[in-house]
Amino acid sequence: FAGTPDIVKLFLEPHPHFLWLLVGLTYVWTHRQLVYSFHGRIPVPINYPAMTGLVLAAFTFKAAFTLEDAPELVVGFVKSTLLDFTRGASLIARARAVFVGLGLATAAGMGFILWEMGGGRSRSKRLLASKKKKVPQAEAITTLQHLYTILALTQSRTTNTPLFLIFNLLYWFLSNEIDAPPEGGTSLSTAELGISSLLLQYASFFAMGGSNAISSVDLSNAYNGVSDFNVVLVGVLTYVGNWAGPVWWVFGTVMLLGKIWRRDQKRLGSTSSSSSSNGKRGDEEKEVVKVSMVEEEQGQIGQVFKTYVAVTTLFTAFSVAAVMAACTILRTHLFVWTVFSPKYLYCVAWSLGQHLVVNVGLGGLLFWLGSL
């Protein structure tokens, strides 16, 4: 179905005003999430202007880049307000301003994560302290997800920007499934979340214009902020530009994995408290129970991520084996270099890049930071 009419060609491109309305809503929603994630950690007089400046820098870069790449999509309102306000700035300077802002905000977010979740205290004491706060400590790790959203929006095409509104909506539905009451039988498990994450990673990749053809690799955002060729920077920017949706869902999945663990701990705590209330326990027996609960808690938090990695690795292993078998059997086929070879290259990118580096590596790092 490559090249056939889609929603972008049939509706968004003929109606650029509606497109920029959706783009504006996406950036406004991301701004709201950023401000909320830093709330209680940065004073309001600093938090709101800083996040507003970061989002405005990203939005004006997107508008200026679209004016150069597809000027027919830029409406008069965007030209007369945002672009005239920042007239004279080059695309490289705009992109670098966004990247510098993201770097500073990421450093601040990492500092808050290590400061709030480290501190040398035990996990049970930190959980007890977070319940007394208006802003829970667990939300500190979500700051990185919202900051990546700005990066993904910067590296994505303008017509793909509204998809992140749909991603947030789907994320909200999955979050509600995790919080569903256990008696209803619809509470989301770790394995089910892993399967959902795989489906959403692949669906987002193809929904944003990806395919199994080398010609579909998007290089339009590969040189954002780069004045001279740099194989590392261009490679990373190219990957983020083409796998922006799948990487976003890795961030979201890690946040949901932490939510599943906290849900299970809450149910375990309620079960243990109800059982202990049935009879009187001695002080020594209660201490033994507390120690066993902490040990069980530490084991369960690692088991949640191990289950997720097992599900994704099983799918990746079977898919890679199937592609390799097909390429071997059909190695003398006429289309071996035009069809099977590109598919094999994409299979390498999905298995090594997306699975090992992003799912296991980046996902494991984020999960570890959230469990400190």
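Visitor: What makes helix H7 mostly covered?
Guide: In H7, 13 of its 14 residues are buried, where buried means under 20% relative accessible area, exposed over 50% and partly exposed in between, with a 1.4 Å probe and protein chains only. The model is predicted, so local features need pLDDT of at least 70, side-chain atom pairs count only at pLDDT 80 or more, and totals for chains, interfaces and linings use all residues. Residues are numbered from 1 along each chain as its sequence is written, and side-chain values use heavy atoms, leaving out hydrogens and water.

Visitor: Why is H8 called roughly antiparallel to H9?
Guide: Helix H8 (residues 163–178) and helix H9 (residues 190–207) pack at an angle of about 170°. Angles over 145 degrees count as roughly antiparallel, under 35 as roughly parallel, 65 to 115 as roughly perpendicular and the rest as oblique; therefore H8 is roughly antiparallel to H9.

Visitor: Why is the pair of Phe-61 and Phe-65 called tilted?
Guide: Rings of Phe, Tyr and Trp (its six-membered ring) pair if their centres lie within 6.5 Å; planes under 30 degrees apart count as stacked, over 60 as edge-to-face and the rest as tilted. Phe-61 and Phe-65 lie 5.9 Å centre to centre with 35° between the planes, and the pair is therefore tilted.

Visitor: How do you know whether Phe-61 is buried or exposed?
Guide: Phe-61 has a relative accessible area of 1%, so Phe-61 is buried. Phe-65, at 13%, is buried.

Visitor: Which class applies to Phe-229, and why?
Guide: Phe-229 has a relative accessible area of 59% and is therefore exposed, whereas Tyr-223, at 42%, is partly exposed.

Note on methods
Axes fitted to C-alpha atoms, helices over the stretch in contact; angles between N-to-C directions. Helix = DSSP H or I, 4+ residues; strand = E, 2+ residues; numbered from the N terminus.
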